[in-house]
Amino acid sequence: GLAPGYDKNAEVFRAAYGLGFGFVEVGSVTPKPQSGNPRPRVFRLVEDKAVINRMGFNNDGMDAVAQRLQARSIAPSGPLGINVGANKDSEDRTADYVTATKRLADFADYVTVNISSPNTPGLRALQDKAALDDLLARVKDAAPAGKPVFLKVAPDLEPADIDDIAASVIDHKIDALIVSNTTITRPALRSSHSVETGGLSGAPLRDLAQQRL
């Protein structure tokens with residue numbers, strides 16, 4: 001499947017199926033459009049076979065994405081997921097997820113609640129038990145009956161966090177977990193870009209992501 005972050009605005013998902021992807025997940029989509037973090041915000045760590053990004057949920061917003069999905073003349077040839085997030089300046093992050101789910105869920109085969117990005121300040125705090133229970137309950141209520149809801153989590157978790165997340169997912173009957181997004185940790189890296197802030201992906205993330213999985 002094609003993970004979110006590539007087709008942020010539901011512009012090329014049909015073409016992605018033509019390239020052989022079995023499913024495509026668009027987004028992350030926030031209620032309001034936002035430009036993301038200042039550039040430069042993507043750094044290739046060639047020596048480490050890695051990338052650091054701090055994109056910041058740049059996207060056209062849920063209304064623009066909904067219009068594109070509604071206008072599609074041909075149904076996608078595989079499952080289509082929509083990844084929803086919260087605006088950086090939001091005063092109620094949970095409400096953003098509810099709003100985006102209500103607006104977009106009908107166009108998707110599943111909805112992913114993305115609380116895993118390190119590039120929206122405070123977003124990962126939603127992984128805390130009380131906040132997560134509230135978020136999942138409200139999103140499940142907002143999603144159409146029978147619509148699968150997935151939860152995407154960060155790899156930067158302590159064992160107690162993992163236990164709490166697993167319990168919340170089971171309690172709220174979440175359909176799947178996506179493990180994992182990028183890491184804010186910095187293992188031994190050789191590239192000069194290793195000092196950049198943001199989420200690290202690529203080869204250095206493999207062991208941590210597999211441990212969390």
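Tutor: We shall discuss a serine, a helix, a pocket and a proline in turn. This is a predicted model, in which local features need pLDDT of at least 70 and side-chain atom pairs count only at pLDDT 80 or more, while totals for chains, interfaces and linings use all residues. Residues are numbered from 1 along each chain as its sequence is written, and side-chain values use heavy atoms, with hydrogens and water left out.

Student: Where does Ser-116 lie?

Tutor: Ser-116 is in the loop between strand S5 (110-114) and helix H4 (129-142). Helices (H or I, at least four residues) and strands (E, at least two) are DSSP runs, numbered from the N terminus.

Student: Is Ser-116 buried or exposed?

Tutor: Ser-116 has a relative accessible area of 0%, so it is buried. Buried means under 20% relative accessible area, exposed over 50%, and partly exposed in between (1.4 Å probe, protein chains only).

Student: Which side chains does the side chain of Ser-116 make a polar contact with?

Tutor: There is a polar contact of 2.6 Å with the side chain of Asn-114, and one of 2.8 Å with that of Asn-181. A polar contact is a pair of N or O atoms within 3.5 Å; within protein, one must be able to donate a hydrogen and the other to accept it, and residues adjacent in sequence count only if both atoms are side-chain atoms.

Student: Moving on to H4, which of its residues are buried?

Tutor: Leu-132, Asp-133, Leu-135, Leu-136, Val-139 and Ala-142 are buried in H4. Their cover includes helix H3 (93-104), S5, strand S6 (149-153) and helix H5 (159-171).

Student: What about the largest pocket: which residues lie nearest its centre?

Tutor: Pro-4, Gly-5, Asn-53, Asn-181 and Thr-182 lie nearest the centre, among 23 lining residues. On a 1 Å grid over the protein atoms alone, a pocket is an open set of points where a 1.4 Å probe fits, with protein on both sides within 12 Å along at least five of seven lines; lining residues have an atom within 4 Å of a point. Strands S1 (24-29) and S3 (50-53) each supply at least two lining residues.

Student: Finally, where is Pro-79?

Tutor: Pro-79 is in the loop between helix H2 (62-70) and strand S4 (80-84). With a relative accessible area of 40%, Pro-79 is partly exposed.

Student: What separates the C-alpha atoms of Pro-79 and Val-24?

Tutor: These C-alpha atoms are separated by 6.7 Å, although Pro-79 and Val-24 are 55 residues apart along the chain.

Definitions and conventions. Contact = heavy atoms within 4.5 Å.
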